[in-house]
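Student: I would like to go through this model term by term. For each label, please give the value, the cut-off and the conclusion.

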Amino acid sequence: MATKTDDAVQYNGEDLKSFYFPNKFDHRQSAVPGNPCYNFRFRIFIFFTYIVVTQLGEIFGTPSDNINGVWDWGHLMTTPVNKLYQEHRWFSAMMQISSALILDFAFFYVSLYWVLYERNFRLFAVLILFYAIRAVHLNIFKLEYSPNYYWEDPLVPSLVVKYGKYSDFFYSGHVGFLTICALEMRKVGKSYMALFFFICSIFQAFIVISFAIHYTIDVPGGYIFSHYFFNMVCYWEAKIDFILKRIANCFSRTNKTIRIAYENDPEKQQPTAI
């Protein structure tokens with residue numbers, strides 16, 4: 001929420017005094033006047049540099065190897081670890097249980113935080129979009145199992161992790177889910193939990209690649225799609241909540257309005273029916 005004082009104008013705690021935000025913004029311009037893009041020579045330089053870089057990328061960055069099956073650099077690099085998993089069941093079970101505990105904790109922590117403190121549909125809108133699009137991907141394009149695929153049941157149940165053989169590849173839900181948790185915690189100001197979930201996502205990336213239950217491309221796909229969907233939901237957040245309110249009104253038996261009682265602590269803002 002924007003606030004105006006005698007010294008500065010702030011939005012979400014950031015000083016916007018040096019920025020320019022007109023009522024009707026021309027998106028051909030920049031909110032930071034004086035940046036190099038206002039220089040015509042700089043724009044010409046970027047234009048020709050882009051042409052050169054794309055041509056070099058097509059020549060040197062596009063492989064032409066005739067591959068039978070699937071070639072995965074991540075699986076090749078983690079083959080020694082994968083062999084340890086298969087030779088020492090206690091080790092693979094320990095890693096699987098650790099992975100599952102992290103995901104279960106993230107699910108309960110973020111979900112219960114939403115139930116107790118948040119008053120918008122942002123978190124679950126992102127999760128629904130992320131997993132719905134993922135389900136479409138999994139059913140329109142299927143890959144063969146990696147020869148090193150190993151995901152046996154460690155005999156410790158998990159709420160969010162399933163074991164066995166599943167064609168559950170692009171994109172990684174392990175990584176994407178924790179990325180969404182990290183972004184949500186950052187959004188509500190819990191930077192330490194955001195950092196914790198991001199570090200956990202790196203651990204999950206190692207797990208899914210070393211167990212060969214995901215191909216390496218699935219991991220950056222999980223990061224990218226989760227980040228994209230989160231930003232997209234944030235952009236449409238108010239409209240999503242408005243539509244949710246209209247739907248709820250269709251099933252409401254009363255016409256009570258909602259008054260938001262704002263307190264000094266934003267985490268304690270509570271809606272009050274009148």
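Tutor: Let us begin with tyrosine 163, which lies in the loop between helix 5 and helix 6. Helices and strands here are DSSP runs (H or I over at least four residues for helices, E over at least two for strands), numbered from the N terminus. The model is predicted, with residues numbered from 1 along each chain as its sequence is written, and local features need pLDDT of at least 70. Side-chain atom pairs count only at pLDDT 80 or more, whereas totals for chains, interfaces and linings use all residues, and side-chain values use heavy atoms, leaving out hydrogens and water.

Student: Is tyrosine 163 buried or exposed, and how do you know?

Tutor: Buried means under 20% relative accessible area, exposed over 50%, and partly exposed in between, with a 1.4 Å probe and protein chains only. Tyrosine 163 has 13% relative accessibility, so it counts as buried.

Student: Which residues is tyrosine 163 in contact with, leaving aside its neighbours within four places in sequence?

Tutor: Contact requires heavy atoms within 4.5 Å. On that basis tyrosine 163 touches Gln96, Ala100, Trp151, Glu152, Asp153, Pro154, Val156 and Ser158. Tyrosine 150 is 13 residues from tyrosine 163 along the chain, and their C-alpha atoms are separated by 9.5 Å.

Student: What makes leucine 155 stand out in its backbone?

Tutor: Its phi is near 70°, a positive value in a residue other than glycine. Leucine 155 is also in the loop between helix 5 and helix 6. With a relative accessible area of 74%, leucine 155 passes the cut-off and is therefore exposed.

Student: How does alanine 212 come out, buried or exposed?

Tutor: Alanine 212 has 1% relative accessibility, so it counts as buried. Its phi, near 60°, is again a positive value in a residue other than glycine. Alanine 212 is found in the loop between helix 7 and helix 8.

Student: What kind of pair do phenylalanine 170 and phenylalanine 225 form?

Tutor: An edge-to-face pair, at 5.8 Å centre to centre and 85° between the planes. It links phenylalanine 170 in the loop between helix 5 and helix 6 with phenylalanine 225 in helix 8, 55 residues apart. At 28% relative accessibility phenylalanine 170 is partly exposed, and phenylalanine 225, at 23%, is partly exposed too.

Student: What kind of peptide bond joins phenylalanine 170 and tyrosine 171?

Tutor: A cis peptide bond, with omega about -5°.

Student: How do you know that the charged end of lysine 165 sits over the ring of tyrosine 145?

Tutor: A charge sits over a ring if NZ of Lys or CZ of Arg is within 6 Å of the ring centre and within 35 degrees of the ring normal. The distance for lysine 165 is 4.7 Å from the centre. Lysine 162 lies over the face of tyrosine 166, at 4.3 Å from the ring centre.

Student: How are helix 3 and helix 7 oriented to each other, and why is that term used?

Tutor: Helix 3 (residues 79–87) packs against helix 7 at about 75°, with the axes 9 Å apart. Axes are lines fitted to C-alpha atoms, for helices over the stretch in contact, and angles run from 0 to 180 degrees between N-to-C directions. Under 35 degrees counts as roughly parallel, over 145 as roughly antiparallel, 65 to 115 as roughly perpendicular and the rest as oblique. Helix 3 is therefore roughly perpendicular to helix 7. Val81, Asn82 and Tyr85 in helix 3 meet Phe206, Ile207 and Ser210 in helix 7.

How values were computed:
Phe/Tyr/Trp six-rings, centres within 6.5 Å; stacked < 30°, edge-to-face > 60°.
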